[in-house]
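Q: I have a structure open and want to learn to read its features one by one. Where do we start?

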Amino acid sequence: MPTRTRFLGTTLAAAGTVAALALATAVPAAAAVPSTVEQDVAQLYQDVTDLYNGLPASALRNVDRLIESPIPQIGPRSQAAQGPIPGCTEGSLLTYANKLASQLTPLESQALDALSGLSQLYVQGVASDKAPQVFGTDGQYTSRATDTIGKLRGFWDIESWNIQLVAWKGTDLGSQAKMAQTFSLGLAPAKVKAAAALATKVLYEVPGMQGGRNPLLTLNAFSAPADSLGGKRVALGDGLLDTVNLLGFDDVSVESVVGHEYGHQVDFAHENYPRNESSEMGPDAYGGYFVAHAKGFRWDARTQQEVIYLDASIGDCYHSHGTPDQRKAAGAWGEKQATSQGNPNRIVPSATMIEKFQKEYPKLMPPATDQPAAAAVAAAHG
């Protein structure tokens, strides 16, 4: 698995974890013995690994993570392994996430790996919008989120009634009932109750998890297609919204993120599943079109610019989601489609928008064959 960011980038073998525990109990008393907390975290990591290994092969189809996880089944859609791209600097959101992660102890990092994987699986496969959804750590984004998804359902010409918008909350990890439902998706039934109790125990006995409020637990949003584990949905993480706010994008955060994730639903509706950076840059473009359009949010030029800089903040340097400059260019292209069309009230059909962007996409990307040559030139002039 390529490591796109340092955050959650280290793979731990589940079997190795169990072996390490067995060895620890067999060594002489003078040697270091894992504490109860360390044992709890290691066992939870094993339980979560077993859970993911027990899921159907199609369960996580086309569900992407902004950052990597050590659980093998959670990872980026992109299969490109090149990088880092010469001269590229990661976006501010990824840089900030890496800074937060670097402050964790090894024990906290392992707890975070297990709990974040469990949290994503809950919001993807168990959570439902049939229960009232509260967006933001203190509910501060609820009205903006529901207003945005409502407007998007009326904007794009795809089947939308069955696209759920669900809140991704780290504090849900504190509910043994919710965790039992989650473990039931793929863990042996006899282990479910104990694993759920252990998850809530670890959440509170590892201080760095902040009882579910550590932003790293939910520092993402994602979109899932109809044939994924829980069906069509957009999940909006509290940690992502908190971080985007800290970075200065609060004015456009919810609308931009939900607009982008709904853009994935546009792709899913037309069975457009790119295996390159256009999988993320396309939704940037569709989201840009929506926020600038007269029947979308009709945001002015200054606010449109803020949106494309938010797009750029999520750019990476590993031929995965697009660089900051490429993400910015995709969003700006989408906004221009809205502001330059002759009839400001006309909404371009979604299939046409996909086709238009796919024609534009190569112009936003350097040819792959040129990248080694460009690196050599840069080195020669460095």
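A: We start with one residue and its accessibility. At 45% relative accessibility, Gln210 is classed as partly exposed, because buried means under 20% relative accessible area, exposed over 50%, and partly exposed in between (1.4 Å probe, protein chains only).

Q: What kind of model is this, and how are residues numbered?
A: It is a predicted model: local features need pLDDT of at least 70, side-chain atom pairs count only at pLDDT 80 or more, and totals for chains, interfaces and linings use all residues. Residues are numbered from 1 along each chain as its sequence is written, and side-chain values use heavy atoms, with hydrogens and water left out.

Q: How many helices and strands are there?
A: Helices (H or I, at least four residues) and strands (E, at least two) are DSSP runs, numbered from the N terminus. The protein has 14 helices and 3 strands. Of its 382 residues, 54% are buried.

Q: Where is Gln210, and what is its phi?
A: Most residues other than glycine have a negative phi. Gln210 has a positive phi of about 55°, although it is not a glycine. Gln210 sits in the loop between α7 (189–205) and β2.

Q: How many bridges join β2 to β3?
A: There are 4, and β2 runs antiparallel to β3 (residues 233–237).

Q: Which way do the side chains of β2 point?
A: Ala221 and Ser223 point one way, Phe222 and Ala224 the other. All four are buried.

Q: What is the crossing angle of α4 and α6?
A: Their axes cross at roughly 85° and come within 9 Å, with α6 covering residues 176–183. That makes α4 roughly perpendicular to α6, because angles of 65 to 115 degrees count as roughly perpendicular, under 35 as roughly parallel, over 145 as roughly antiparallel and the rest as oblique. Leu118, Leu121 and Tyr122 of α4 meet Lys178, Met179, Thr182 and Phe183 of α6.

Q: Which residues of α3 are buried?
A: An α-helix has 3.6 residues a turn, so residues three or four places apart point the same way. In α3 (residues 92–102), Leu93, Leu94, Ala97, Asn98, Leu100 and Ala101 are buried. Seen down the axis, they fall within an arc of 160°, so they line one face of α3; the arc is that of the directions from the helix axis to the C-beta atoms. Lys99 and Ser102, on the other side, are exposed. The buried residues pack against α8 and α11 (301–313).

Q: How far apart are Leu246 and Leu93?
A: They are 153 residues apart in sequence and 9.7 Å apart in space, C-alpha to C-alpha. Leu246 belongs to α8 and counts as exposed at 61% relative accessibility.

Q: Which residues does Thr323 touch?
A: Leaving out residues up to four places away in sequence, Thr323 touches Ile85, Cys88, Gly315 and Asp316. Thr323 lies in the loop between α11 and α12 (324–339). It is buried, with a relative accessible area of 10%.

Technical notes: Two strands pair if DSSP finds at least two bridges between them. Axes are lines fitted to C-alpha atoms, for helices over the stretch in contact, and angles run from 0 to 180 degrees between N-to-C directions. Contact means heavy atoms within 4.5 Å.
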